[in-house]
Amino acid sequence: MSDKFETNRRTALKFLGTGAAVLAVPYIIRPRPAWADNGVLNVTTYDKFLPQEFVEKFQKDTGIEVRIRLTDDQGKQYNLLTAEGANPSTDIVTVAGHRYTQFINSKLLQPLDTGKISNWKNLNTAYQDAPWARVDGNLWGLPILAGYEGLARNVDYVKDAPSWEIMFDPQYKGQTSYIVSDFMTIVMQYLGHDGDFVTYVDKPDIAQKATNEARDFLIKNKDMVRKYYDAGSEVQQMFINEDIYLAHSWSGPAAKLIMDGHPIQLSVPKEGTFGFCYTLNVVNNAPNAENAYKLLDAILASPEVGAAMTRQSGYSSTMNGVGDLLDEREKLASTLPQEEVDRIIFFSSVNRDMKNEMIDRATAEVKAA
Amino acid sequence: MADSNRIAGYSAARAAPAPRYSTGMAKIVNSAIYRHTLGAVVETRIGRVILLAGVPLIWLVMLHVGPIYQMLKISLLSHYPIQPGVESHYTLDNYAIFFRESLYFTPLLKSFVFATAATAVTLLVVYPVAYYVAKIVKPEGRTKALLLLLVPFWAGELIRTFSVIMLLANRGGLNVLLREVGIIDRPIPMLYTSFSLGFGLVYLICLYMLLPLYSAIEKIPTQYLDAAADLGAGPFTRFRRIILPLSKDGIVSGCSLVFLTCIGVFATPMLLGGPNTVLFPETISGFFHGASDKWPVGAAFALIMLVTALITAAIFMRLVGGKKRNAF
């Protein structure tokens with residue numbers, strides 16, 4: 001039997017047909033493009049931010065199909081949105097307040113028209129016109145959840161933690177965890193520097209020196225760390241498995257563990273920490289902007305939605321009346337003593353470029369060390 | 001049929017009265033549209049070859065060359081994504097950063113060390129398994145044995161990675177078992193270490209070693225082993241002089257596949273590794289996901305990793321694989 005491959009008309013056609021079919025599969029199975037359909041709304045947000053029951057009710061009431069694309073990082077959203085340019089494939093993104101200027105300067109968001117949100121009054125007054133929320137005279141997003149960077153600990157093993165110093169206590173060697181870039185700002189505060197870089201405008205040398213000091217401190221104490229994590233679910237998993245007893249954590253994931261009955265406590269140590277607020281923002285050139293406003297209005301329609309958001313994500317709701325709907329454990333998880341609340345400073349959007357540049361590099365150096 | 005088509009050609013077929021075929025293919029071939037369009041191309045041998053080569057070429061370009069070209073293009077830009085008011089130009093600076101900053105060399109080196117170690121361990125672990133299935137298991141049971149080995153790979157990479165987490169965590173299956181039988185009283189920290197990363201990698205990639213090895217070993221004629229035994233060769237000699245040389249192609253293929261997969265694997269080191277096991281793909285991802293916009297640097301580093309990995313694999317294949325020659 002000859003092993004030479006003979007081509008004839010029939011085999012050529014069969015191969016051509018099969019090949020064309022294979023190449024066409026992605027086109028056939030892909031969803032219809034969002035920008036070609038008025039009956040959809042594309043939302044890029046964090047996992048568990050939008051309650052499923054709410055989304056289903058919204059879809060039923062309006063006939064608008066909500067397509068949720070999950071994200072776990074502000075940088076990812078920013079880069080993808082920038083790459084898509086004037087033809088974005090998403091209508092709503094979830095921006096943290098301190099990243100506003102980056103998105104706004106790149107013309108990725110459109111100013112929020114609160115006149116289109118009839119339930120705007122249901123937003124807590126503290127958030128209706130917060131200083132960080134207004135840039136260039138405009139409001140840019142609907143605040144939905146607020147949080148802070150806290151010290152989480154397993155109370156079965158760590159009874160008290162008044163200072164961030166406990167993260168470097170040899171007693172807990174190999175039992176701590178943090179996101180390097182986020183914890184770097186905390187360590188800068190702990191070492192007496194400005195972790196938010198607000199006072200370092202036009203002072204790159206001082207900023208670099210402070211960053212290097214924090215970097216070297218983290219490298220020196222690298223043996224304290226069990227794992228550098230990236231997503232909230234990771235730190236939750238490590239606490240549940242008792243792989244760690246202490247962590248620098250966003251308040252949401254830690255509060256969720258408390259709500260679920262795990263022996264976790266969340267606190268703001270005496271050196272202080274940073275707070276942030278997540279907002280839903282309508283994207284510039286959003287293909288379904290009107291649908292986006294309908295969703296924002298529906299979110300504010302009932303405190304039940306805000307309560308469900310808090311239960312799911314662990315973050316505090318920005319809506320009026322939510323506190324009355326939470327049970328004792330949920331309130332406990334999302335409430336701090338007043339003296340600890342006073343230690344929270346909201347991240348500023350000042351001098352972000354310098355901060356991002358220096359912190360990103362220092363993060364790579366810590367990981368590579 | 002193929003010969004008659006090739007010799008008689010389309011012209012002859014067109015001159016003759018159209019046969020009454022009942023198949024769909026024949027209906028297409030005899031249609032007027034086909035006769036005046038595709039038929040004319042398929043008529044010639046060159047046309048058929050172009051058609052046959054066209055589909056795989058499009059596939060290769062779209063799914064393999066295209067993305068790499070796009071990555072190459074981004075790696076040469078000063079800014080990407082292009083932002084309003086920012087001009088981008090072509091530059092080699094993004095590549096220069098790697099050679100200028102020693103801190104980026106360490107993760108790349110770690111990646112190569114881990115990949116090499118994981119490849120060696122995978123070969124040692126999987127070779128006896130492949131040999132057992134290919135030579136010890138009866139021919140009628142081999143398909144079932146292979147199927148059993150492949151079952152875990154029906155689950156995705158992430159699911160299998162999480163299963164390793166559930167196994168090795170402080171409150172995971174292994175620590176619980178050891179505590180229950182009284183071997184330990186405190187959990188052994190196995191997760192987020194070099195051990196957990198190595199264990200996870202070997203578990204995740206062993207399929208790439210198993211199949212080439214099985215294929216190579218299964219083809220070794222049993223008579224060779226019988227003859228060697230008759231001539232007094234012991235088990236180790238038979239392995240060293242017959243099985244190992246004849247399975248060399250499988251070893252080279254398996255090792256190359258596993259090594260290249262290990263170099264580029266991303267999620268597993270992120271989830272299973274500890275603070276001292278940060279590998280190069282994680283460093284690269286930092287450029288794409290970090291607060292600063294460094295896509296071009298990330299793209300340049302990705303290409304550096306790709307090129308160095310391919311060169312390493314090529315050298316390995318050349319050194320170990322050598323030129324094709326008879327085993328005896």
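**View 1. The nonpolar cores of the predicted model.**
The largest nonpolar core contains 121 residues, and the residues with the most contacts inside it are A:I144, A:F183, A:L295 and A:I299. If residues up to four places away in sequence are set aside, A:F183 touches A:W164, A:M167, A:F168, A:Y178, A:L218 and A:H248. In soluble globular proteins, nonpolar side chains tend to be buried together.

**View 2. The contact between chain A and chain B.**
On one side 49 residues of chain A are in contact with 53 residues of chain B on the other, and the two chains bury about 4600 Å² between them, with 59% of that area on carbon and sulfur atoms. Between the chains there are 11 residue pairs in polar contact, counting pairs in which both residues have pLDDT 80 or more. At least two residues of the side of chain A that touches chain B come from each of α1 (9–29), α3 (74–84), β8 (225–228), α8 (232–240) and α14 (352–368) of chain A. Of the side of chain A that touches chain B, α1(A) gives the most, with 12 residues. By type, the residues of this side of chain A divide into 18 nonpolar, 12 polar and 19 charged.

Within α8(A), the residues A:G232, A:E234, A:V235, A:Q236, A:M238 and A:F239 are buried.

Chain B has 17 helices and 0 strands, and buried residues make up 40% of its 328 residues. B:W59 lies in helix α5 (residues 45–75) of chain B, and it counts as partly exposed because its relative accessibility is 35%. Leaving aside neighbours within four places in sequence, B:W59 is in contact with A:V22, A:L23 and B:H64. B:E282 has its place in helix α16 (residues 280–289) of chain B, and B:E282 is classed as buried because its relative accessible area is 12%. With neighbours within four places in sequence again left out, B:E282 is in contact with A:K367, B:F266 and B:M270.

At the N-terminal end, A:D73 caps α3(A), with a side-chain oxygen lying 2.8 Å from the backbone nitrogen of A:G75. Along α3(A), the buried residues include A:Q74, A:G75, A:Q77, A:Y78, A:N79, A:L81 and A:T82. After α3(A) comes A:G85, whose phi is positive and near 60 degrees.

**View 3. Salt bridges within chain A.**
Over all chains, a search of the whole structure finds 22 salt bridges. A:K116 and A:E290 meet through their side chains in a salt bridge of 3.1 Å, N to O. This pair links distant parts of the chain, since A:K116 is in the loop between α4 (100–105) and α5 (125–128) of chain A and A:E290 is in helix α10 (residues 289–301) of chain A, 174 residues apart. A:K116 is partly exposed, with a relative accessible area of 39%, and A:E290 is partly exposed, with a relative accessible area of 47%. In another salt bridge, the closest N and O atoms of A:D196 and A:R352 are 3.4 Å apart. Here too distant parts of the chain are linked, with A:D196 in the loop between α6 (180–190) and α7 (204–220) of chain A and A:R352 in helix α14 of chain A, 156 residues apart. A:D196 is buried, with a relative accessible area of 3%, and A:R352 counts as buried at 9% relative accessibility. Salt bridges that share partners also join A:R215, A:D216, A:R361, A:E365 and B:E101 into one network.

Terms used
Residues numbered from 1 in each chain as written. Chains lettered and ligands numbered in written order. Predicted model: local features only at pLDDT ≥ 70, side-chain atom pairs only at ≥ 80, totals over all residues. Heavy atoms only, no water. Core = buried A, V, L, I, M, F, W, Y, C linked by side-chain atoms within 4.5 Å. Buried < 20%, exposed > 50% of the residue type's maximum accessible area, 1.4 Å probe, protein only. Contact = heavy atoms within 4.5 Å. Buried area = accessible area lost by both parts, 1.4 Å probe. Polar contact = N/O pair within 3.5 Å; in protein donor to acceptor, adjacent residues only side chain to side chain. Helix = DSSP H or I, 4+ residues; strand = E, 2+ residues; numbered from the N terminus. Nonpolar A, V, L, I, M, F, W, Y, C, P; charged D, E, K, R; others polar. Salt bridge = Lys/Arg side-chain N within 4 Å of Asp/Glu carboxyl O.
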